[in-house]
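Dear colleague,

Please find below the structure that I am handing over to you.

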Amino acid sequence: MAMITLPVAAHAPSPWLPPSILRLRSTSTTTTIPAAAARSSAPHPLPDELHLVADIRSPHNHIRVADVSRTAAGAGHPLAGARLLLLDAPGNIHSLSFPRSPCPLTSTYLDVFATLPPLLPASASSLAVLGFGAGSAARAVLHFFPDISVHGWEIDPAVVSASRDFFGLAELEAEHAARLSIHVGDALEASADAVAVPGGFGGVLVDLFAGGSVLPELQEMDTWRRIGRRMVAPGGGVMVNCGGPCVEAEEEGRGGEAVKDATLRALTAAFGHGMVSVMDVDESWVAMTGPAVSSAPEEAAAWKAKLPPELRRYVDMWRPCLL
């Protein structure tokens with residue numbers, strides 16, 4: 001049986017809840033949906049904690065915007081008051097924000113993405129986001145690192161439009177007009193030269209899902225080599241959401257654990273053994289290319305020193321990928 005659950009406070013919620021694989025649970029009962037239904041195009045019903053704000057169909061996605069009740073989700077729940085961007089039939093959460101909070105952090109793997117800027121080479125102060133969604137990662141980067149510019153790619157113009165209408169993306173673009181550029185198109189065809197970033201991006205954040213699963217192309221070594229060649233500056237790096245065991249895919253045979261492992265193997269084949277590190281944030285796996293910081297305490301300390309206090313703990317969570 002496939003199941004979508006959103007833990008409530010009575011269940012002692014974890015402080016880390018990854019948005020692309022969050023599961024939705026009603027306050028009284030757990031809603032279970034047969035696996036066959038999860039692989040169909042029929043959208044899963046929303047539980048009582050969520051209030052539907054918008055329901056949009058596009059050629060690429062079934063887009064739903066929903067608010068988590070500040071009371072029904074339970075006092076102290078980490079998602080209470082959040083606004084969620086739900087894509088695909090299973091309703092995987094691809095972006096979230098807290099409209100009433102001035103802090104852009106989400107207590108999810110998206111915050112890990114915001115730790116990359118201090119590692120960018122001095123000659124390449126631009127960051128690319130492949131799979132922009134509603135801009136959760138970009139918002140944190142722009143907030144904490146005023147010298148970094150961001151280029152985001154999103155294949156679905158309806159997602160960009162919904163993000164401007166319901167996630168404050170239009171205001172973010174206006175506030176950072178000189179630092180934020182959003183490109184509508186296939187992220188796997190993106191190149192730094194095409195958007196006038198000569199020499200490439202200092203860092204590339206990859207968060208590409210479709211049908212509730214990491215894109216199949218990301219399980220291919222050649223895809224990563226192409227991203228490295230077209231997008232990454234010398235000395236730059238890549239950080240990737242590889243999914244994990246609780247990602248719910250529409251297609252049979254695309255289980256999150258197997259897809260995560262295949263993605264990590266492709267990354268390792270492309271960038272070399274010993275050049276990929278991983279961390280597990282509540283079963284959402286993030287990978288990073290480059291020499292392992294876990295075996296370089298001085299480099300880790302220097303990295304932490306350049307991060308805001310809220311993000312420093314993530315540096316200690318990296319470990320070498322052994323696949």
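The notes below describe the salt bridges and then one serine in a loop. Please bear in mind that this is a predicted model.

Salt bridges

Side chains of opposite charge can pair when their charged atoms come close. In this model, the count of salt bridges is six.

The side chains of Arg 230 and Glu 189 form a salt bridge, with a distance of 3.6 Å from N to O. These two residues lie 41 residues apart, and their pair links distant parts of the chain. Arg 230 belongs to helix H6, which covers residues 221-231, whereas Glu 189 sits in the loop between strand S9 (180-184) and strand S10 (201-206). Arg 230 has a relative accessible area of 32% and is therefore partly exposed. Glu 189 has a relative accessibility of 52%, so this residue counts as exposed, the cut-off being over 50%.

A second pair is found in helix H7, which spans residues 256-271. There, Lys 260 and Glu 257 meet in a salt bridge, at 3.1 Å from N to O. Lys 260 and Glu 257 are separated by about one helical turn, because they are three residues apart in this helix. Glu 257 is partly exposed, with a relative accessibility of 36%.

Is Lys 260 itself buried or exposed? Its relative accessibility is 3%, so Lys 260 counts as buried, which requires a value under 20%. Lys 260 also forms a salt bridge with Asp 261, where the closest N and O atoms are 2.9 Å apart. Asp 261 has a relative accessible area of 18% and is buried. Through salt bridges that share partners, Glu 257, Lys 260 and Asp 261 are joined into one network.

A serine in a loop

Ser 58 is located in the loop between strand S3 (50-57) and strand S4 (62-68). With a relative accessibility of 17%, Ser 58 counts as buried. Which residues does Ser 58 touch, if those up to four places away in sequence are not counted? They are Ile 63, Asp 156 and Ala 158. With Asp 156, the side chain of Ser 58 also makes a polar contact of 2.6 Å.

Yours sincerely,
A colleague

Definitions and conventions. Residues are numbered from 1 along each chain as its sequence is written. This is a predicted model: local features need pLDDT of at least 70, side-chain atom pairs count only at pLDDT 80 or more; totals for chains, interfaces and linings use all residues. Side-chain values use heavy atoms; hydrogens and water are left out. A salt bridge is a side-chain nitrogen of Lys or Arg within 4 Å of a carboxyl oxygen of Asp or Glu. Helices (H or I, at least four residues) and strands (E, at least two) are DSSP runs, numbered from the N terminus. Buried means under 20% relative accessible area, exposed over 50%, partly exposed in between (1.4 Å probe, protein chains only). A polar contact is a pair of N or O atoms within 3.5 Å; within protein, one must be able to donate a hydrogen and the other to accept it, and residues adjacent in sequence count only if both atoms are side-chain atoms. Contact means heavy atoms within 4.5 Å.
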